[in-house]
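I opened this entry to keep track of what I looked up, item by item, with the cut-offs written beside each term.

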Amino acid sequence: MTSTAHQLGNVTDRRSIGRAGRPKSKGKRAGKGGFSLPAMNITRRHSAAVQLRQPITSFAIPLVQAEVVMDDSLKNDDTRIAYGEPQETEVIHVKDKRSYKMCRVPVFEGRQKRGFVPLPLRHRDVWLELSYYIALCSNVWELWQEEGRKKLKGKKADMVVACRQNTGAMLVQHMLTRRLAVEQLLKLDYITEPGKESVPLLDEWKIRMCRDWLNKSYNEAFAEGREFLAADPVTAENKAFFEKGWEIADQGKESLFSPPDPAKWIEGRVEGIRKTFQRVIKPQALDELKNPSAFRETRHLEDGELPGRWHEGHDPYPSFWSAAQWEWYSEGHDLAGTPIAFFNFVLRKEPSYTNVKDFENDVKSIANIIAADGDGNDRDYIQEIVCGLWLGEMTWREFVDYLRQKWDLDDDACQPWEKKDEHNPFDSLEAQLIFQGFMRRGSENRARNPEDPILWESLLRMSPKEYEPVWKRVVRTILEEEKSVRDVLKDARNWSHHSQSMEGTGTGQIEDQAQAQAQAQVSRERVDHTDASVNPNPPAPSASTTFEQQSTISAQLIPIYEWMLAYVQKKMTLEAFEEKLTNHFSKEHGKGIEQFLDALRAIIPGQEFEFSKDALDAFFDRVKAVEAGKAARQLQDNLL
């Protein structure tokens, strides 16, 4: 009979641990360059087996023939990535909104929680089995290292080295499998239908473990037992099917199965392993090396190479889910279908992010799901745009537009990108992020300047100039009263109606005309939202009505209004609009035209009617300012 030592790779026998009587091959074994068998034949059904929804037509887990190397990320307990026991929880399905049970696996970096890995409930036992084998092989490998430090001579010393090397190769094999499976789970790159989930990498690992195929090519496995490649290894109904032809040896077999209580090994140390090693594993391994079986085959090769990334400590780290991401998903939201809604949710959530890296990790995690075929190395752009938004240098609108283009999102995937307070146009996520960025820039050993150019450029890009008096008061209140940005923006709802009080705040004299325009803007928004509350699905207003109600322009600007109307109605391209503006105005207006066009480009598709008015009003203000400056200079010249 084979021994407990086999499965741990301590000997060079290809049979499974604790199993004897390897089943006879049902086909001719192929070498590494063997023939390929038709994938379609794999679907031949077996009357006694529940079938996989996606039969395995190739092996995705590479064969490892190199010994483990314990780098710092594995040895340092303060940085080592570890997993806790899977937690069973209720989840709402995205499509039918029915509740079902799922697991999430806690992830720790050192003693700090790093995030979660989503895991189907039906794959919980396979996950635990894989993780147990990692802990078991790691412990046994260390014990063989200890044996090697003893004063051994001759053949016994060589056998101890061989056992250590083969166990080390088996350890890497299991760790690589888990790393690959984690990435597949994080991307939701598997069949997610509740109760019928299929995680290809976990299914493959389980089948290959059951049939002792971890050291075999796909063609060899197909020739030996193609019916197993189409059978579901997770369902309990198939347990006897996968074990047919094997006999279980009693001695040491208890160490092959993870204890019912994961606490006995989940932290990486298998309870009682030293005693089992001395009494069972070591004597069995050395004895079988002295008397090799007919199935002897070396797992470790001297010229074997370790994979580039075979454990979670290798860059790039897996994009683990945050608590907020899990919360959003568990409530029945589609992370890939509505990514902008998730960011809107998490940026408004209280408490919000305190560290930019946490926000960056969430964006990378969503990118990982949307672009599931990536390897994590194409995410450099994320750090740049996240930092820009975090420091208020990029507006929320620009951030959304960038992701829309980068991720090729449609209009539905970008909704809702903003949720406005119908009574307070100043309390928006976009304004919140700009002012929070202003405060963060000041926190980096820089004095906070009320006239900060980055702040005012960002505000100008996201709101009409009429809001400037309110923004000035917001800045003053934040700096002098040390209130939070969110509280100050909530208080701003009535500030535009109290010109007298605002005049005494030190923010400067407020022009009556600007104040009236701001009040009119608030009133218009209230009317719009009131109508929406009466009719939850009102027809979209025509462009003519929208602009006639929301824009007050002078006669000399009528052509601009007409061109803008044509652009919003998609009767004129932005390039044609730019050409008309350039020909219509003198060179002094070049910068204003450029800013106006940039603002139009930043508008989310489908939101033109709502936000183009702000861009148009801001442009008109710039035009009037330039013309007023020209008139003042002309008057001065006349006086001189």
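**A tryptophan in a loop**

I began with Trp407, which is buried, with a relative accessible area of 10%; buried here means under 20% relative accessible area, exposed over 50% and partly exposed in between, with a 1.4 Å probe and protein chains only. I note that this is a predicted model, in which local features need pLDDT of at least 70 and side-chain atom pairs count only at pLDDT 80 or more, while totals for chains, interfaces and linings use all residues. Residues are numbered from 1 along each chain as its sequence is written, and side-chain values use heavy atoms, with hydrogens and water left out.

I placed Trp407 in the loop between helix H12 (396-406) and helix H13 (429-443); helices (H or I, at least four residues) and strands (E, at least two) are DSSP runs numbered from the N terminus. Leaving aside neighbours within four places in sequence, I found Trp407 in contact with residues including Pro339, Phe343, Ile366 and Tyr381, where contact means heavy atoms within 4.5 Å. With Tyr381 I also recorded a side-chain to side-chain polar contact at 2.7 Å, the term standing for a pair of N or O atoms within 3.5 Å, one able to donate a hydrogen and the other to accept it within protein, and with residues adjacent in sequence counting only if both atoms are side-chain atoms.

**Aromatic rings**

I then looked for the cluster that holds Trp407, and its other members include Trp328, Phe359, Trp396 and Phe399. A search of the whole structure gave me 33 aromatic pairs; rings of Phe, Tyr and Trp (its six-membered ring) pair if their centres lie within 6.5 Å, with planes under 30 degrees apart counted as stacked, over 60 as edge-to-face and the rest as tilted. Phe241 and Phe242 are edge-to-face, at 5.4 Å centre to centre with 80° between the planes, and both are buried. Phe359 lies in helix H10 (residues 356-370) and Phe399 in helix H12, so the pair ties together parts 40 residues apart in sequence.

**Helix H4**

Lastly I checked helix H4 (residues 200-210), where 10 of the 11 residues are buried, so the helix is largely enclosed by the rest of the structure. The buried residues of H4 pack against several elements, among them strand S5 (112-120) and helix H3 (154-186). Just after H4, I noted a positive phi of about 60° at Asp212.
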